[in-house]
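Here is a short briefing on the pockets and the core of one protein. Look at the sequence and the structure first, then read on.

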Amino acid sequence: MTQHSYHPYHLVDPSPWPYIGACGAFFTTVGSVVYFHYSQGWVLILGLITIILTMVVWWRDVIRESTYQGQHTLIVKRGLKYGMILFILSEVCLFFSFFWAFFHSSLAPAIDIGAVWPPRGVDPLNPFAVPLLNTAVLLSSGATVTWAHHGIISGKSKEAKIGLALTVALGIIFTALQGMEYYEAPFTISDSVYGSTFFVTTGAHGGHVLVGSTFLFVCLCRLIKHQYTRHHHLGFEAAAWYWHFVDVVWLFLFIFMYWWGS
């Protein structure tokens, strides 16, 4: 008899991946410090490879448990939804702290930076060039991921695949444009508090776009393998929630840091 004969909960089997993933995070942190100070990157590379491999095998196990073993009952899915909501709320708090630092410095500029914002000597980016294009790209991706969601709910697999593939492609385009913007930026992260708040906040958002794009790419692969049904596609729903959160954060970034802040 399976454990579902006794209760509707999923008691996870012992797994080495949390420990190995924590080791990967430790190696990445220590490796970053070593690379910054001594230009030795092998520890950092080891940590990143460990994290990537842990992600692959851990996600494989979760997909197997939900799709093939039937472990994700209604109660388990409800818990996963609550967990994703709490995770997104924690991300809201993270970006709230970044915006707090930005407004603390911009609303009352210190005398050290010339008592003006942007600080003297800093040439800000034109908000109506690449940033505006990236805004259009990201908002379009929000529409395509919603199209994909409706395709899954309606049982239109082809539309769902097209919408999801377009979303992943738009996420990649956004990342490429932001990389080009960073490369051509006339200021750096060390250029006063303007550079530090700008690059930390936009860089954190760019990292979230990379994570979201990876998340959606995995969903696309699962969709191609027919692992989603009209009533069982929680993995995609979580990815869509995360992507919409990334969209909203970018709107605040564009309005305040790019437009108002310049």
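The lining of the largest pocket has 22 nonpolar, 10 polar and seven charged residues. Ala, Val, Leu, Ile, Met, Phe, Trp, Tyr, Cys and Pro count as nonpolar, Asp, Glu, Lys and Arg as charged, and the others, Gly among them, as polar. This is a predicted model: local features need pLDDT of at least 70, side-chain atom pairs count only at pLDDT 80 or more, and totals for chains, interfaces and linings use all residues. Residues are numbered from 1 along each chain as its sequence is written, and side-chain values use heavy atoms, leaving out hydrogens and water.

**Largest pocket**
- About 1,200 Å³ of space lies in this largest pocket.
- Of its 39 lining residues, Trp58, Trp59, Val62, Leu80 and Phe215 are the closest to its centre.
- A pocket is an open set of points on a 1 Å grid over the protein atoms alone, where a 1.4 Å probe fits, with protein on both sides within 12 Å along at least five of seven lines; lining residues have an atom within 4 Å of a point.
- H2 gives the most to the lining of the largest pocket, with 10 residues.

**Second largest pocket**
- The second largest pocket holds about 270 Å³ of space.
- Its lining has 11 nonpolar, no polar and no charged residues.
- H3 gives the most to this lining, with six residues.

**Contacts of Leu164**
- Leaving aside neighbours within four places in sequence, Leu164 is in contact (heavy atoms within 4.5 Å) with Ala148, Leu216, Cys219, Leu220, Leu223 and Phe236.

Technical notes. Grid points are joined across faces, edges and corners, and a volume is the space filled by probe spheres set on the points. Helices (H or I, at least four residues) and strands (E, at least two) are DSSP runs, numbered from the N terminus.
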